[in-house]
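Good morning, everyone, and thank you for coming. Please take a moment to look at the sequence and the model before I talk you through them.

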Amino acid sequence: MSENPLQPSNQNVKGQEHLGNVDGTAVGEAVLRAARSFVQGDSSKHTDGHDWPHIERVTALAVELAHRMGADPFVCELAALLHDVPDEKLNESLAAGMAKLNAWLDTQPLDSDTRAAVVGIISTISYAGGQRPAVSSLEAQVVQDADRLDALGAIGIARTFAFSGARGREMYDPSLPPREHMTREEYRNGRSTTINHFYEKLFKLKDLMNTSYGKELAEQRHHYMVQFVDQFKREWEGTDR
């Protein structure tokens, strides 16, 4: 995705700390403030793990990674705030989602390079069954890592069950093995279970991280998930006692 400005001038300490994370221009601050307002409203209807707290976590981590890795913090922050807006899981279609994103971007005073960078990031970072090529820009690597890290660890587990519950997906069926070599369509719409999702996606993310710090955090969160799935299966099978 892309690069540039900043976030709202909140009165609290957390907000004041955030002001040092961007270029500090009035335009940048206004764009980030508008993005937060837009996304907060757009995400309020989601109860499947793609809610506003998810956006906040991903954005905070993207800004931290941007500074650690030397990426453009404004582009990373704006792309992180907007990254779920066009998600095909949350819209009628990917085209409808992109139209919504672009309609909002049309209202903002972004230069063409920054806008292209942000749209590029959002268009390329999703997992989509693992069929996509690696992202190229440092900013896209940062935002992708931040988003993927929120799919790992304790929160990743909680989000996985929240999403599955919202979609009516069963927790586990030992007779239904995890799928391999799926097309994007099969990944989105084929039958699976919540536990299978760990094997089909989540356990793979550790080795797909881009940044050194992202890899470090992913290792810790991956280990926690492996322990959880092992314990889940022992309890399901009654072998934990």
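**A walk through the model**

Let me begin with burial: of the 241 residues in the protein chain, 49% are buried, where buried means under 20% relative accessible area, exposed means over 50%, and partly exposed lies in between, with a 1.4 Å probe and protein chains only. What we have here is a predicted model, in which local features need pLDDT of at least 70 and side-chain atom pairs count only at pLDDT 80 or more, while totals for chains, interfaces and linings use all residues. Residues are numbered from 1 along each chain as its sequence is written, and side-chain values use heavy atoms, with hydrogens and water left out.

Turning to the fold, the protein chain has 11 helices and zero strands, these being DSSP runs numbered from the N terminus, with helices as H or I of at least four residues and strands as E of at least two. Among contacts (heavy atoms within 4.5 Å) between residues at least 6 apart in sequence, 67% join residues at least 24 apart.

How confident is the predictor in the protein chain? The mean pLDDT, which is the predictor's confidence in each residue from 0 to 100, is 87, and 88% of the residues reach 70 or more. Confidence is lowest in helix 1 (residues 13–18), at a mean of 34, and highest in helix 4 (residues 73–82), at 98. Over residues 1–22 the pLDDT stays under 50.

Now to Phe 161, which sits in helix 8 (residues 153–167). Is Phe 161 buried or partly exposed? Phe 161 counts as partly exposed, because its relative accessibility is 22%. Leaving aside residues up to four places away in sequence, Phe 161 touches Met 171, Thr 194, Ile 195, Phe 198, Phe 228 and Phe 232. Phe 161 and Gly 49 are 112 residues apart in sequence, and yet their C-alpha atoms are 8.7 Å apart in space.
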